[in-house]
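Reader: I've got a protein model open on my screen and I'd like to learn how to read it. Could you walk me through it, one feature at a time?

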Amino acid sequence: TLVLDLSKALVATDFDGDSVNLGLGSILVSIENDVPVAGVSTVNLDEDGLTGGNLGGPDDDTATNGPVSVNASLNVNFGADGAGSTAFLLSGFTLPSGFALDPSSTASHIVINQGTTAVLELTLTNASTGAYTVTQLHAIDHPSLDGQGGDNTENNLQFTISYTATDFDGDTSTGSFTIDVDDDTPTISAT
């Protein structure tokens with residue numbers, strides 16, 4: 001908060017030249033500096049769209065093949081200061097068990113591995129606007145639910161990625177987005 005004392009800026013002068021100001025602290029103006037607001041959002045991928053994927057299946061999210069690549073934008077309101085930049089954070093994320101960020105990941109390009117296999121790629125395509133692309137590179141080995149409800153269905157895995165937004169004058173805020181990956185199931189056909 002910036003406080004300006006405008007008291008000396010106003011002076012009252014009468015006809016014969018006598019003057020008086022209002023005194024310090026009489027007119028105070030407070031200026032609030034806004035900060036960017038970074039929100040949350042979700043990107044949906046469907047393994048049905050991978051090569052060899054099967055349309056539909058038990059508990060499939062959609063009746064389409066895919067998508068396996070999505071263009072999206074981080075949910076940021078930069079406020080009155082205007083846009084500055086956005087960046088992925090290489091900490092503060094939530095990945096399912098067995099997944100890790102590839103050591104080559106940067107603030108503008110993240111690769112997520114399952115074991116040693118690269119399965120997801122995130123690319124910040126415009127740091128000023130927060131535009132990014134998520135691409136599924138390989139089928140994900142979704143865990144079995146061990147006979148619980150939803151086992152042997154197209155269950156989903158969620159990956160939560162954190163990011164930072166910096167407005168034009170350097171104020172920052174942290175947000176996140178979730179990548180929800182719908183599984184694919186095999187089909188049986190009689191011949």
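This is a predicted model: local features need pLDDT of at least 70, side-chain atom pairs count only at pLDDT 80 or more; totals for chains, interfaces and linings use all residues.

Reader: How many helices and strands does the chain have?

Author: There are 15 strands and zero helices.

Reader: OK, sheets. How do I read the strand order in the open sheet of five strands?

Author: The general idea is that strands of a sheet pair through backbone hydrogen bonds, either parallel or antiparallel. Here the order runs E7-E13-E12-E11-E10, and the pairing is antiparallel. At the edges sit E7 (69-73) and E10 (99-101), each pairing on one side only. Neighbouring strands in this sheet are turned by 20° against each other on average, direction ignored.

Reader: Which residues stand opposite each other along E13?

Author: Let's take the two partners in turn. E12 (residues 117-126) pairs with E13 (residues 131-136) in the antiparallel sense over six bridges. On that side, Asn126 stands opposite Ala131, and Leu120 is opposite Gln136. E7 pairs with E13 over five bridges, also in the antiparallel sense, and there Ala72 faces Tyr132 as its opposite number.

Reader: And what lies between E12 and E13?

Author: Those two strands form a hairpin with four residues between them. Check Gly130 in the turn: its phi is positive, about 85°.

Reader: Now the core. Which residues touch the most other members of the largest nonpolar core?

Author: In soluble globular proteins, nonpolar side chains tend to be buried together. In this case the largest core has 27 residues, and the ones touching the most other members are Ile112, Leu120, Leu122, Phe159, Ile161, Phe177 and Ile179. Several strands supply at least two core residues each, including E6 (40-46), E11 (109-114) and E15 (172-182). The largest share, five residues, comes from E14.

Reader: Can you pick one of those? What is Ile112 in contact with, leaving aside its neighbours within four places in sequence?

Author: Among its contacts are Leu95, Phe99, Leu101, Val119, Leu120, Leu122, Phe159 and Ile161.

Notes
Residues are numbered from 1 along each chain as its sequence is written. Side-chain values use heavy atoms; hydrogens and water are left out. Two strands pair if DSSP finds at least two bridges between them. Axes are lines fitted to C-alpha atoms, for helices over the stretch in contact, and angles run from 0 to 180 degrees between N-to-C directions. A nonpolar core is a set of buried Ala, Val, Leu, Ile, Met, Phe, Trp, Tyr and Cys residues joined through side-chain atoms within 4.5 Å. Buried means under 20% relative accessible area, exposed over 50%, partly exposed in between (1.4 Å probe, protein chains only). Contact means heavy atoms within 4.5 Å.
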